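Here are my notes for someone opening this entry for the first time. Have the viewer ready and take the points in order.

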Amino acid sequence: MTNFDIIKQLSDNTEITEILGRAVNNGSLDINNNINNNINNNINNNINNNINNNITNSIDPLDLGDGKKLLGCNDLNLLGAAADTLRKRSAGDLVTFVIDRNINYTNICTSKCKFCAFYREPDAKDAYVLSIEKILEKVDEAVRLGATQILIQGGLNPDIPIEYYEKMLKEVKKKFNVQMHAFSPPEIVHISKLYGAGIKETISRLHEAGLDSIPGGGAEILDDRVRDSVSPKKIGWKKWQEVMLAAHSLGIPTTATMVFGHEETLEERIKHIIRVRDMQKKYHGFTAFIPWTFQSENTGLIGTSTGIDYLKMVAVSRILLDGHIQNIQASWVTQGIDVAQMALDFGANDLGGTMIEENVVRAAGVPFHSKSIDEFIHAARKLGRPVAKRDTLYNIIERY
Ligand code: SF4
């Protein structure tokens with residue numbers, strides 16, 4: 001008997017227990033597929049498994065109305081227990097993390113999103129573009145600290161020549177054995193305009209230069225009502241989808257993110273998750289879903305999310321994405337390690353990166369200190385869970 005079985009007997013919310021019961025029962029039909037994905041934990045196998053298992057993934061999933069009811073439900077224990085049951089079944093008990101560094105090559109950006117405290121005008125005193133030499137220096141430092149992943153993102157800077165991106169990737173890959181998790185969809189679209197090429201061709205060229213995978217940034221909320229208000233100059237949600245599906249069709253994995261707690265409604269949050277789920281049905285190219293709360297300091301918006309809202313969102317993400325995306329990441333950067341640890345009991349199975357460097361969330365007023373491996377190991381062990389270092393594609397590197 002699972003915790004969910006026990007807690008649902010104590011609940012008098014029959015509508016919510018019925019929805020959660022459906023999620024848990026549907027998920028059990030996917031179990032063989034998920035076990036195979038766990039064993040063959042790399043993107044190509046995931047893509048193949050998905051292609052071979054479209055039948056299991058076609059099971060009628062929870063819909064928008066179900067998701068809204070779950071997010072509106074105040075029984076955190078019930079939601080958490082269902083999400084934890086699904087997490088245990090699809091991802092197992094293992095808590096994973098990656099050693100990584102975020103390098104932001106420029107903070108000059110024409111998009112000027114309302115929620116962003118990171119971007120600068122070209123003539124600002126602290127505007128910058130990192131030289132390739134500086135980027136190599138940062139990668140070198142990270143590799144010496146054990147990093148296997150370098151996350152590269154920056155502003156939409158119209159004055160960076162196209163050769164810069166290719167040279168950056170080529171030089172890093174020539175000198176270091178690291179995975180280049182680089183350029184979110186708005187940057188890919190921006191670069192494609194600089195290339196004067198289509199999105200698929202642009203991704204292919206960057207891939208040839210050394211791009212391994214694409215981070216899911218720039219998703220915020222995948223709904224154009226919200227995007228037109230908070231980031232009107234940024235790509236719409238369909239363009240985000242186009243980039244991700246183009247990458248997946250080329251066998252290039254990506255992550256999917258969600259930034260919530262600003263101007264969106266609960267319905268728009270659920271729409272976001274369902275859109276990600278629909279995209280995933282095509283190529284199974286998302287390796288992880290990463291929800292995190294909007295951080296408002298130094299921005300033009302007000303942040304509305306609490307820790308409880310965050311835990312609820314993690315749980316609902318796991319429940320709606322069950323059988324589609326195996327890894328749900330806890331965001332210690334925005335929540336702190338204690339709430340991230342709690343998220344591991346609310347559907348998350350991964351602690352993300354140690355982040356030797358992070359600049360974007362820090363610019364929005366969040367005190368930032370990168371995490372040591374020991375802190376992650378401690379957080380997992382306190383829950384009685386095994387813990388391991390992974391690479392970008394969730395292959396296990398070392399167990400602790
Ligand atoms: S979020 Fe990204 S695209 Fe928007 S202003 Fe900031 S750096 Fe530019």
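1. Contact here means heavy atoms within 4.5 Å. With that in hand, look at Ile-319: leaving out residues up to four places away in sequence, Ile-319 touches Leu-20, Ala-23, Leu-62, Leu-70, Leu-79, Ala-82, Ala-83 and Leu-86. Keep in mind as you browse that this is a predicted model.

2. Why look at Ile-319 at all? The largest nonpolar core has 111 residues, and Ile-319 is listed with Ile-135, Ile-152 and Phe-183 as having the most contacts inside it. Helix 15 supplies the largest share of this core, 9 residues. As a bit of background, nonpolar side chains tend to be buried together in soluble globular proteins.

3. Now the chain as a whole. You'll find 18 helices and 10 strands in the protein chain. Of its 400 residues, 60% are buried. The accessible surface comes to about 15,900 Å², and carbon and sulfur atoms hold 50% of that. If you take contacts with a separation of 6 or more, 77% of them link residues 24 or more positions apart.

4. Strand 2 (residues 100-104) runs parallel to strand 3, with 5 bridges joining them; Asp-100 has Gln-149 in strand 3 as its bridge partner. Strand 3 also pairs with strand 4 (residues 179-182), again in the parallel sense, over 4 bridges. Here Ile-152 has Ala-182 in strand 4 as its bridge partner.

5. Is strand 3 (residues 149-153) mostly covered or mostly open? Mostly covered, with 4 of its 5 residues buried.

6. There's also an open sheet of 3 strands, in the order 5-6-7 with parallel pairing. Strand 5 (254-260) and strand 7 (327-328) each have a single partner strand, so one side of each lacks a neighbour in the sheet. Strand 5 is joined to strand 6 (residues 286-293) by 6 bridges, and Phe-260 stands opposite Thr-293 in strand 6.

7. Which helix packs on that sheet? Helix 15 (residues 307-321) does, touching strand 5, strand 6 and strand 7, and its direction makes about 155° with that of strand 6.

Key
Residues numbered from 1 in each chain as written. Predicted model: local features only at pLDDT ≥ 70, side-chain atom pairs only at ≥ 80, totals over all residues. Heavy atoms only, no water. Pairing = 2+ DSSP bridges. Helix = DSSP H or I, 4+ residues; strand = E, 2+ residues; numbered from the N terminus. Axes fitted to C-alpha atoms, helices over the stretch in contact; angles between N-to-C directions. Buried < 20%, exposed > 50% of the residue type's maximum accessible area, 1.4 Å probe, protein only. Core = buried A, V, L, I, M, F, W, Y, C linked by side-chain atoms within 4.5 Å. Areas by Shrake-Rupley, 256 points an atom, 1.4 Å probe, with all protein chains shown as cover.
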